[in-house]
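Hello, and welcome to my notebook. I opened the structure below and wrote down what I looked up, entry by entry.

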Amino acid sequence: MADALKETPHREDLPRMGSAGILRDGRYMAPPADKDGKTWVRTTAQIQASPLDCYELWRNYAAVPLWQEQIKEVRLKGKNSHWVMQTRNGKTIEWDEELMQDEPGKRMAWRTVDGDSYNAGEVIFEQAPGDRGTIVTVLQEFGQGRLKTLADSLLNRNPKQAVIENVRHFKAFMETGEIPRTEGQPHGPRGVSGTIKAEAYGEHIDTPPGLERKAS
Amino acid sequence: MKALCWMGKSKVETLNVADPTLLNPHDAILKITRTAICGSDLHLFDGFIPTMESGDILGHEFMGVVEEVGKEVTNLKRGDRVVIPFTISCGRCFFCRQQMWSACDNTNPNAHLMEAMYGYSGSALFGYSHMMGGYAGGQAQYVRVPFANVGALKIESDLPDEKVLFLSDIFPTGYMAAENANIHEGDTVAIWGCGPVGQFAIASAFMRGAARVIAIDRFPERLDMARSLGAITVDYTQEDVSVLTALKDLTGGMGPDCAIDAVGLESHFNDMQHIYDKVKTALFLETDRPGVLRQAIMAVRKGGTLSIPGVYGGLLDKVPFGAAFGKGIQMRMGQTHMHKYMKPLLERIEKGQIDPTFLISHRITLDEAPKMYEIWRDKKEKVSKIVIDPWAAKAA
């Protein structure tokens, strides 16, 4: 096991961060519970690629809109990065992120410093046991309570689900160079029930473009 | 183009819809030359598989000619004649690399739905509910084939379409059923269900060394076909026939070495059990009617193997797990790892070891398909397999 997952939370000076903390001293640790106005998500994927290759794609800001939902642009802004997200209801939200930890092939940690989103996160890349590729683990914290998360789920996107799906997209993009999609395929009339079901299944959220992204 | 759309339980319609287009770099567009209706399409027709949406294009057994390829597809070109497996596999994930193609990680855009129901998501399928990916199927004139570079089997000989079409699902599925049954030279194999998969399982069981195959069904034409393949048949609806007793009688009291459930979740029985399962499924207290599974667990010999190619969807009731444990049986099941079997089975067809056209009873147009779904469901007109020419204007 990599040392990263054995770190105790808050050992480093990251007041709004926990470590991904799945293991401590050989014991499995549950993910942090949602409380005190914070929403947490922890998710993981095993990827057939090296930790360094995974890190390099994750670290490539320009490529983020290829695999993360609703992200239109990420650009460098001094030492920080500036993120532009287009939500489902047509709103554009923007924020700045500070990269707090950056260990090539191992780990990144970030937090927002300004703008419309309040979140902090950590991603860890480690060799899977038995030489089966890389385990990517993300722990992310959103500075919002249950009501806001419920409203997001109904009107736009549950932030936890977005992180889970983004890790899934990342894996597919990393392993195959594309992200599976069905938007744009033919179908007969959906009617009322079909439309409601499509919404319930999350099919109204645009799949990130993968390699086929048109230059904008 | 014309396509057969699911429009609700027991309702399918042939409609005009948009042509498919390339959406991803490993896609191909196929002009479909032949497509078929599968027994498992009836589970959709009958409303047993959740997460169908009105307007979904059905069909997962098809072949055709490559019309257009995405920029990452280098092993196919326009004009190639191909059979497409019903499972969609990326070829790159851990599971594909282990030849567990139907467990592919990277093809289901709705993986979260299947994770909620099954713990993990398997590969996507064509035309088989949104939980299984929501991909448009091939009972249509054209279809988009994702990861065409991985799945498409090129047909380079001049074998007619009908001889190779069933490589898209039922032949590999019947063959994997026989492989999963762990047949040793000289074994006796009992097979429940003499539909298309059951027939291919009978043929495949003999290919894999079975000395005797016992086939169980109720339709005379299916039992006739099973006997023509060399199986002993048991009609479970005949008066005084008990399948368990029959299988004991035919095996010196020992029971079959291998059992294959080629029926799945909508099994039929003329007894109290059938009424029990009908009531419980109607009340949503169980999702499947596992009569054959119960019987096969009871019937297989001690230490025998039960192979399950029949589809199960959800939660089953009164499955005699104590009998399974008490006899120390093995059970193997799952969606077919198509990509592993298509090429070797094509070689068997090319060598003349099997001619899959024996199965076909009906050749129809797309416009006739909605009516044929009812005939197929009701097993009228001695139907055994329906093949569609999506370009034909009227019945051939």
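**Entry: a residue inside chain B.** I began with Ile260(B), which counts as buried because its relative accessibility is 0% (buried means under 20% relative accessible area, exposed over 50%, partly exposed in between, with a 1.4 Å probe and protein chains only). I found Ile260(B) in strand β14, residues 258-261 of chain B; helices (H or I, at least four residues) and strands (E, at least two) are DSSP runs, numbered from the N terminus. Setting aside neighbours within four places in sequence, I listed its contacts, among them Ala177(B), Val189(B), Trp192(B), Ser307(B) and Pro309(B) (contact means heavy atoms within 4.5 Å). I also looked up Ile202(B), 58 residues away along the chain, and its C-alpha atom lies 9.6 Å from that of Ile260(B).

**Entry: how to read my notes.** The model is predicted, so I kept in mind that local features need pLDDT of at least 70 and side-chain atom pairs pLDDT 80 or more, while totals for chains, interfaces and linings use all residues. Residues are numbered from 1 along each chain as its sequence is written, chains are lettered from A and ligands numbered from 1 in the order written, and side-chain values use heavy atoms, leaving out hydrogens and water.

**Entry: where the chains meet.** I read that chain A brings 32 residues to the contact and chain B 45 residues. Together they bury about 3100 Å², with 51% of it on carbon and sulfur atoms (buried area is the accessible area, 1.4 Å probe, that two parts lose on being put together, summed over both). Glu178(A), Pro186(A) and Tyr201(A) supply 21% of the area that chain A buries against chain B, more than any other three residues.

Entry: I followed α4(A), residues 159-176, to α3(B), residues 111-118: their axes come within 11 Å and cross at roughly 105°. Gln161(A), Glu165(A) and Arg168(A) touch Ala111(B), His112(B) and Glu115(B) here.

**Entry: salt bridges.** I counted four between chain A and chain B (a side-chain nitrogen of Lys or Arg within 4 Å of a carboxyl oxygen of Asp or Glu). Arg168(A) and Glu115(B) form a salt bridge through their side chains, at 2.9 Å, N to O.

Terms used
Axes fitted to C-alpha atoms, helices over the stretch in contact; angles between N-to-C directions.
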